Structure formats: C-alpha cells, structure tokens
Amino acid sequence: MSTGSLEVRGLTTSYGAVVAVDEVDLVAEPGRITAVLGANGAGKTTLLRTISGLVRPSAGQVLLDGADLTRTRAEEIARAGIAHVPEGRGVITELTVEENLRLGALLGAARRRTEHGLAEVYEMFPPLAERRRQDAHVLSGGERQMLVIGRALLTGPSVLLLDEPSLGLAPRIVAQIFALLRGLVDAEGTTVLLVEQNARSALSIADAGIVLNLGRVVARDDAATLAADDALRHAYLGF
Amino acid sequence: MQQFLNVTLTGLGQGAVYAAFALALVLIWRSTRIVNFAQGAMGMFTTYLALTLIEAGQSYWVGLVVALVAGLVLGAVIERLVIRPVEGGPELNAVIVTLGLFVALQALAAILFGSTFRSFPAPFDLRGFTVGDVNIAFTANSIYVIAAVVVVMLALVALFRFTDLGLQMRAAAFSQEVSRLLGVRVGRMLTLGWALAAVVGSLSGLLIAGGSLVFPAYMDAVIVYGFVAAVLGGLDSPGGAVVGGLTIGLLLSYVSGYLGSELVALAALATLVAVLLVRPQGLFASTAARRV
C-alpha cells in the first residue's frame, strides 16, 4: 500500500436542518491508526461518508496529500486511494466471495497497486478460501468483516476508513481483526481512520484519537492519554 | 398431433421474441429499477432505420447491424439525457418519462417514416417444412429467430458471468453505494445497461417484423405480451424472462390454435392478473418484496 496523509478542515455536513458533522478538523497520518470515538449519533459515520464522498459537506475541505477531494464523486475518491469499509460492512451478498474480492482487485489494478493478490488474501483469511465460490450472504459476521477488509486491501489504498468493524462480532474475533489491522499498519504504513463505539478496543490499537459529540470534536489526543482520562471516558465513551 | 406440433413450434418462435423483449425489460429493471415503457418504441424506431436502408438497396444483414448499433446508441443517449435526471427519485417520475418517450417515439416515427403499412423482408424462407407428407408450420425463418435470440442471450450471460465489466455492472445493479466505494463508475454502468437492453429490444423489433408488416404501432402486441412475460418470469430474473417469454408464446399459441385467436389478448390479460394475484414477484424472482 502507498501512504497518504488525510486532512479534514472545518468539515460540516447537514441532513436538512440537522447538523451531523460540525466544523470538524482532523489529521490522520500514515502509519498511524486514528480512532474516531463517540456515542451513537455523534456524527462518526457521517464524517466517514463525507470523506469518502457518499455525502456532500456544506462547508470545509477534505485533503489527501494536499489534494482537495472535497466535492469529488465517491468513485473517483476511491480511485484516488481512499478505501471506505462502510457501516454494515458493505458485503455485496448477491455476488460470491471471490467476486467481491475481484471487485477490490479490479480497483487495485486500475490504481496500479497490485502488491496484494487474491492468493494472499485467502492465506490471510482461510475461511474465505473455503467459501470462495459461495454467495457472500452465507458468511458469518466475522467472515464478512474479513471479506470486506480483504477486499479493501486489494484496492491498494493509501487511506483506510473503517466504520465500526467490531459491530456484532465476538470479542475474540474482534481481537483478531484488530491485531491484523495493527500488523498491517505497522508493516505497510497505511493511514487508518477507525470509527468505533467499542472505544476500549479501538484505543488499545490506536495511536491517536478524537472524540465526537453531537458532531463536534470534544477531545483530541494520543490514544494512551485518552484511555487514561477517566472523566472523558465516563462522559463520552461509556467506560 | 400435427396441429399440436405446429402450434407448439409457432409458439416457440413467438415466445423467443417475447423472451428477448422481456429480457430487455429485465436488464433495465435490474440496473436502474425502472420499467422501460418505451422499450418497444425504441425497437420500432431502430427497425424503421433498418427498413429505410433495406428499401434503399442494402441487404437485410446490413439493416440488422445498423439497427443493433442504433439501438446501442439510442439506449445510451436516452439513459444519459432523459432517464438520468429521474433515476433514484420517485418511481412515478420515471414511469411518466418512459411513457412520454413511448408516445414521442411513435409520433416521431410516423412523421419520419409515415404511418402506412410497409412490408419488412424475412432473411430466410417463410414456407414451412414438409416431412414426408406432413406439413409443419415451422419455417427456416423461425429457426433463425430462435437462434438469434439464443445467441444474444448466451452473449449476455458470457458478458455478465465471465468479464470484469460484467462483474462491475452486476455490482452496480446490486449495490450502487458499495460499488462506488470500490471505484466502479456507476453512471457508466447504468448507461451501458440501457444500451445493451436497447440492443436486445432492437433485435426483438427486427425479428417480429421479418415477413410481416411494419407501422408505428406494430410493436404494441410484443410490448404487452413481452411485459406479461417479464412479470411472469420475475422482473429481477433474466432466466425468468426467457422462461416467461417462451411460456407466454406457447400459451398464446395454444389459445389461438385451439380456442380461437379472439381469445389471445384475454388469455394474456388473465395470465397477468393470475400472476399478480398468486405470486406477484413472478416465478423466479429472489425476493417477494423490496424493503425501502
């Protein structure tokens, strides 16, 4: 994967009268996992969807290595190297496991980033190899998460946006997936923005974090400091 | 027995054309969730283009190629200019737009090509075969019709199953948002879907015209029966379109042959009502209802 630094400046996104993301500033550096934390409805998902182009912001900028991607179409943002694994995982259930992965590989080929191949993804995630020709809807939650992470890897991204990858997964699987992410980031220097409600697990692998509340950034620090801040944790993170 | 054979073979020939038309409807439904009420008019228009060339001295095959290419272009242009603004909005808007297109194309055809009945040549023999002393009402042209539809369908299956482009088109149809996140240029996939559907619609317009008379409204029967076939098979299912088309073709042929041709339209209507009452999603659709 190539590296890229992601910057968000004064980003504001509204759904009609409701301001979901309120003047958010954020810098996510290569080789680091930046956690985006906060309660339900804090604006975390909308933030990711604005960065990846699924939703238009009403103000502010999204910059990738200094290039302004703010009002670019989602498919072009993906082609620029931002891989967004959305809320709910985004498995295309009518396609097979292999077809889902091939879609990722096609983008990787288009971006000329073919460092990862299908064979490698199957080695990383043996359950996917077993089910490669089956329709993706037969996969369990953990297997689906593996599928969409594998698919995102195949695109050769500079930036990886992950929306609640731990949702609905057993703690053991969550630990596996988080360990895998940490390993990848350390090995390849990808920029990762990790949205999680499971703040404890997220902060255990993150380098830095921001906390959102009602669309605004209420805390910004390195992960260890955030995890140690009891008042903050109680108020916004639920532990 | 002979009559049964004749009626069955005729039904298969007609059914192949309905299947092609139903397939065009299904392709557009799957990619854009729109029922293209103008499909028949588009096919009629491109057939008139072919007829103009043929009457000017070109061979049938030149006319065929021109009609298919014109269909491709027409489908792409219509999607980009007329349909794109109403995609993703309230479904009624798309219905009104395609109905309006239907009316406009028929009127335009009448202006450009006249509304008199014109005969359209068939590329192959229209006489039935004689086996021994039995006359079979199955013609060389019917074989061509069925073969043409089969070839086009196999080509489409190959495209969707085995090519990268086909994979991207399917992904865009199943999940636009996720496809965007994977760099699929969804807009182009939708345009291509309409273009391919228009090619299939053009083919059905040409095939039904062969050996028959062409006038601006000549596709109306195919439109109605093709639509019933698509509903019967399930708007979501290309395989269903084929089965539905052949079934309707056979059914209407039996009704015409054994009960009287006046009852054909009634039989089609009865089939439509029965499908909508008993299994509205059609025989082969995967889901009974779409959650919004």
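Modeller: Here is a walk along one helix of chain B and the core it belongs to. This is a predicted model, where local features need pLDDT of at least 70 and side-chain atom pairs count only at pLDDT 80 or more, while totals for chains, interfaces and linings use all residues. Residues are numbered from 1 along each chain as its sequence is written, with chains lettered from A and ligands numbered from 1 in the order in which they are written.

Let us start with helix α8 of chain B, residues 186-209. Helices here are DSSP runs of H or I with at least four residues, numbered from the N terminus. The 24 residues of α8(B) reach 35 Å from first C-alpha to last, close to the expected 34 Å; that expectation is 1.5 Å times one less than the number of residues. After α8(B) comes B:Gly211, with a positive phi near 75 degrees.

Where does the helix sit? Because 22 of its 24 residues are buried, α8(B) is largely enclosed by the rest of the structure. A residue is buried if 20 or more other C-beta atoms, placed from the backbone, lie within 10 Å of its own.

That leads us to the largest nonpolar core, which has 160 residues. Such a core is a set of buried Ala, Val, Leu, Ile, Met, Phe, Trp, Tyr and Cys residues joined through C-beta atoms within 7 Å. α8(B) gives the most to this core, with 16 residues. Among the residues with the most contacts inside the core are A:Leu194, B:Ala19 and B:Leu23.

Technical notes: Helix = DSSP H or I, 4+ residues; strand = E, 2+ residues; numbered from the N terminus. Buried ≥ 20, exposed ≤ 12 C-beta atoms within 10 Å, placed from the backbone.
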